[in-house]
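The sequence and the coordinates are shown first, and a description follows.

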2 protein chains.
Amino acid sequence: MSQDPLVIFTPSGKRGHFPVGTPILTAARQLGVDLDSVCGGRGICSKCQITPSFGEFPKHGVTVSEDALSEWNKVEQRYDDIRGLPKGRRLGCQATVQGDVVVDVPPESQVHKQVVRKRAEARDITLDPVVKLFYVEVEEPDMHEPSGDLERLVIALEEQWEIKGVRADLHILSTLQPCLRKGEWKVTVAVHLGDEENPPRIMHVWPGYHEGAVYGMAVDLGSTTIAAHLCDMTTGDVVASSGLMNPQIRFGEDLMSRVSYSMMNSDGAQEMTDAVREGMDALFTQIAADAEIDKHLIMDVVVVCNPVMHHLFLGIDPFELGQAPFALATSDALRLRATDVDLTIHPLARLYMLPCIAGHVGADAAAVALSEAPDKSDDLVLVVDVGTNAEILLGDKNGVLACSSPTGPAFEGAQISSGQRAAPGAIERVEIDPVTKEPRFRVIGSDLWSDEEGFDAATAVTGVTGICGSGIIEAIAEMRMAGLVDAGGLIGSSEQTGTDRCFADGRTNAYRLWDGNEDQKPITVTNADIRAIQMAKAALYSGARLLMDKREVDHVDRVVLAGAFGAHISAKHAMVLGMIPDCELDKVTSAGNAAGTGARIALLNRAARAEIEDTVRKITKIETAVEEKFQEHFVNASAMPNSSDPFPILRSVVQLPDPSFNTGGGDEDGGGRRRRRRRG
Amino acid sequence: MSQDPLVIFTPSGKRGHFPVGTPILTAARQLGVDLDSVCGGRGICSKCQITPSFGEFPKHGVTVSEDALSEWNKVEQRYDDIRGLPKGRRLGCQATVQGDVVVDVPPESQVHKQVVRKRAEARDITLDPVVKLFYVEVEEPDMHEPSGDLERLVIALEEQWEIKGVRADLHILSTLQPCLRKGEWKVTVAVHLGDEENPPRIMHVWPGYHEGAVYGMAVDLGSTTIAAHLCDMTTGDVVASSGLMNPQIRFGEDLMSRVSYSMMNSDGAQEMTDAVREGMDALFTQIAADAEIDKHLIMDVVVVCNPVMHHLFLGIDPFELGQAPFALATSDALRLRATDVDLTIHPLARLYMLPCIAGHVGADAAAVALSEAPDKSDDLVLVVDVGTNAEILLGDKNGVLACSSPTGPAFEGAQISSGQRAAPGAIERVEIDPVTKEPRFRVIGSDLWSDEEGFDAATAVTGVTGICGSGIIEAIAEMRMAGLVDAGGLIGSSEQTGTDRCFADGRTNAYRLWDGNEDQKPITVTNADIRAIQMAKAALYSGARLLMDKREVDHVDRVVLAGAFGAHISAKHAMVLGMIPDCELDKVTSAGNAAGTGARIALLNRAARAEIEDTVRKITKIETAVEEKFQEHFVNASAMPNSSDPFPILRSVVQLPDPSFNTGGGDEDGGGRRRRRRRG
């Protein structure tokens, strides 16, 4: 043979000639092919499994004979006997090149696996966590060349894995010597690979080759709920997820009442700090138990949250966030020890907090930016994370703007006469016949519409208990489309609308959505309910409109609704209300819990941390509280959809009648002005 | 005037021309003159005090007129009114150049003050501690450019003091906001300037200008005693010192019995770790109370100790140090948090442990090397730190060798029939008349010799209670010079020596040093006492001799005796015994507690840390336990002074008679062989 055999790797397509006898793992490394190995080619870890292909490959221009790789050796045979090697697979460190060969690297053998996200427009996550496992062989001590066991382990990590300057805490030193001896100078080491602030650190040492995973936790710390996802950092899989009511709820439902609590009680901030830390730790313990893993294997945590939760979780009094100029104690990303915040997971576990964007735009918004990447978008995208505070991002590759707007809790069913949290029995979908003005609806827990056969039976257990956030939006939007409520938000009287479902309710009117039965009272939409939703949606819209002003546009190409609430609302109904700017309806999508996804990305891909820090630095922050235009936008946005912006795209697909039920009185704007001081 | 005025600084001699109106501090900075300032030239801290000189200066070639500096301004006047400015002094930041001037920078205004050491051969310490104070003015928050208070403080430190990338722990974040507001955006910050492993960190923040010191603790953690020196890190002064019996004593007098305790008791190592940490913390608390300072102002700690104490203090089981190959868990210098070892000083205080040289040559020996700097010596110096284990360094600019040798506790008065620790009543000096064979002695607590008038009265309170380490060395050396004991270590009988102070004591003879009185029994030197000292000194000498072999010399230029014991022994007597190699007597000096001094150097000068780490890496380590020649040297060194090395210099100044009292029996070498397995 005049030339060394050709080795072609798929799916990368990388190829090169290697001398007969070269292990496939060696060839892969030399070509930069992404082939995993924890044991460094010693035939122990089996992470480097590959699948050789045989036969004719016209595309690659090679013919692969059956003996293109070396025969099975003892190591592969032993591994197959004990653990079983899938059919067709070989160990890349054992199989050597004998002739031209095509070698496929299956996804599970790739170091930087893709963690596939379900949404078409979302990027996949490349697995590259900050904590990884390495198997090393350490030199034995020599009294003629005295050096510490740790120092020899550090040399081994550098020589065998090119990890430079790794450090160890006292915790490691106290267990290192027996571990090295039990493993006969072979150990598996979990290493935190370091970051801007910290050199690489040894997290854990196991004697010999350690088969197993290490874990991380991605946490979305909300004012109402703490949601956490336990991730296997060796595969990227979410192993278990769970949520817990934020125990701070007992100090105040919304953030501002918690800030007040800390101002009124000398140890108030500390009490709340303790409560949320205990809650998070209990949640971690429970999730680890659910997943049947040792919680001490959790070695990295990423937390995203709004600024007030950020400060309360870190033990910083949120006092300054309650008043202008809304000064954060710190805005940059934080790299802490989990023990700093009393988490009883691995004693050396680290904790990463994403940066805050501004005093009202927190690490949760940064996480949404990481997940939805407006800064990488070709078209102009508006990202809205709807909660009691709405975080709003507008931008594309040319730049991103951000603000927050105080929507209040109306979208979560609070402040609504029949409002409730989204739970079985809550009305979530509404339709009103524009001719008869008769409604029909669906409740959570049943797929049947209320006018369909079997509805009563299907909802017998849950009952019809109230209206949730998405339900109230649909109800009001349908009322608007059916001519039952005017653009200003007034419900017409029975006479004005021609239906006795509208009825006088004090100085205004209300609409009866459900008649009730012997067990439950009727469900109505009152004019106060509409007023509450108007205030909330006006806050949301004017925030978005302000960013559009700054960007000097009056149109966005697409809208992404983030958050649990955003996942359930109908684009059409939201737009009829004028919650979001005019846009093609199919360009309005839901991103689900984008903040949680952002936390998971930062957990699984360490480069994402520097990336989002850089993105956040570049974001233009707008403080709505001091923008003159905000007030004007707010007044215009109180109308449905808007008294100034024409919404031509919406009007091209939806009929919006234009009655006026105004009798001269009313308090259209007063509520809005009162509400301006609420933040959180 | 054709040229700007000339400013000449003394003592540096630096000079330059500066425009009229230039503040002296600015001129100093531009010339790189070492002139302190904490407030950055704002007339607050008064650290930049200078003394202008007026008149003719032929040496400098200038004439300084009375109006060479600007007149006193309001800032200086106010400072003088409130605190008083010493006569002739000006504030360097306020006084401006008006004409040619000579400006003296007094020592207390120098940033890098010299901490003067009392010994002529010792280097002064340049004050450059790792924690320093900085006064800064921080930008107020701006909601249009939102950033964290911390981030603006970090920018201030960088812009005003050129400290880059400083970090802060949660502890700082929780107090930062009220501090900045109380100080009206002016604060004084204690900054740990960082090291190889850590970026700079904010240690503490005070509102406004903070007048005061920060402190550090230099600790010599011995097997028997913990000694600590509280240092003012702004002046380099030792503010208070104290010692405490190492509480581990209750688990074993010597190190090996502590290692045994940890082997025999499952929680033994942890118990001892807790004991020593509690002891050290109690000592710190006591010293801070003595000095009347808040112990939370202690922000840096340096600890030196032997390897077993090193491991026990760090919570590492010392098991491996009890057996070949004497593997340290870690040998490098350690940079820890003081909380890692349960010290209740400043919550962010750091702790630096010097590197260990080898499994038997610890951080205490490294500290001796730092203090005595054999690696910088022009002549060949032997440095011996005598304790229950002797650490021995031999070297000069061309290289340093190190080993340890197990001397055992005989030098501390243990294993000696009338031995005791050095305390009032103990015999510390001995002379024996070579003709009459009559002794005289002095005891600790009195300057009178025992044959001088008033001795009985002077020692009435203390009594004569025993012999301390330096006393037994002098006693045996005097007996050797008086012909009462032969080179092999046997005491002659009454008949052989011609004095009835020698008397039969079982199979051997003893010498009565003191007759006793009605209250106290006589004090004698037995042949077993001599055997114990022989074993100890042979171990010490053979270690030194081994290093001389490796260095291929049979002579050293000078000997430095370190340690409390070394400070008290007489060079001549030590050499008569053959404890140390033959050398000019005036070339044998004592360095006192060189390990403690080394700790203090590492505390006060951060560059010294990298320096000693580098020195230790370069030291050639010799493990005596496995050196063939050690046994031979040991046997030779059992004789006094030595059966092989001739000690010509000693013999030129001292008469050494050469009797032989050997009657054929004896166990000269057995004891030594048994003792070889004892380490520590």
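## The contact between the chains

In this predicted model, 38 residues of chain A are in contact with 38 residues of chain B, two residues being in contact if their C-beta atoms, placed from the backbone, lie within 7 Å. Helix H3 (149-161) and helix H4 (170-182) of chain A each supply at least two residues of the side that touches chain B; H4(A) gives the largest share, five residues. Helices (H or I, at least four residues) and strands (E, at least two) are DSSP runs, numbered from the N terminus. By class, this side of chain A has 19 nonpolar, nine polar and ten charged residues. Here Ala, Val, Leu, Ile, Met, Phe, Trp, Tyr, Cys and Pro count as nonpolar, Asp, Glu, Lys and Arg as charged, and the others, Gly among them, as polar.

Because 100% of the interface residues of chain A are also interface residues in chain B, the copies meet through the same surface.

## Basis of the description

The model is a prediction in which local features need pLDDT of at least 70 and side-chain atom pairs count only at pLDDT 80 or more, while totals for chains, interfaces and linings use all residues. Residues are numbered from 1 along each chain as its sequence is written, and chains are lettered from A and ligands numbered from 1 in the order in which they are written.

## Relation of the two copies

## Chain A as a whole

The secondary structure of chain A comes to 19 helices and 31 strands. Its C-alpha trace spans about 95 × 65 × 55 Å along the principal axes. Of the 680 residues of chain A, 52% count as buried; a residue is buried if 20 or more other C-beta atoms lie within 10 Å of its own, exposed if 12 or fewer, and partly exposed in between, with C-beta atoms placed from the backbone. Among the contacts in chain A with a separation of 6 or more, 67% come from residues 24 or more positions apart.

## Domains of chain A

The domain assignment of chain A gives domain 1 (6-109), domain 2 (125-207), domain 3 (215-353), domain 4 (368-409 + 532-675) and domain 5 (410-527). Such bounds come from an automatic or database domain assignment.

The C-alpha centres of domain 2 and domain 3 of chain A lie 30 Å apart. Their contact takes 15 residues from domain 2 of chain A and eleven residues from domain 3 of chain A. On the domain 2 side, strand E10 (131-137), strand E12 (186-192) and strand E13 (201-207) of chain A each supply at least two residues. That side has eight nonpolar, four polar and three charged residues.

## Strand E14 of chain A

Seven of the seven residues of strand E14 (residues 215-221) of chain A are buried, so E14(A) is largely enclosed by the rest of the structure. Tyr215(A), Met217(A), Val219(A) and Leu221(A) point one way from the strand, and Gly216(A), Ala218(A) and Asp220(A) the other way.

Two strands pair if DSSP finds at least two bridges between them. E14(A) runs antiparallel to strand E15 (residues 225-232) of chain A, with seven bridges, and a hairpin joins the two through three residues. E14(A) also pairs in the parallel sense with strand E17 (residues 298-305) of chain A over seven bridges. Leu221(A) stands opposite Ile226(A) in E15(A) and opposite Cys305(A) in E17(A).

## Strand E29 of chain A

Four of the five residues of strand E29 (residues 558-562) of chain A are buried, so E29(A) is largely enclosed by the rest of the structure. Five bridges join E29(A) to strand E20 (residues 381-385) of chain A in a parallel arrangement, with Leu382(A) opposite Val559(A). Four bridges join E29(A) to strand E30 (residues 588-592) of chain A, also parallel, and there Val560(A) has Thr589(A) as its bridge partner.
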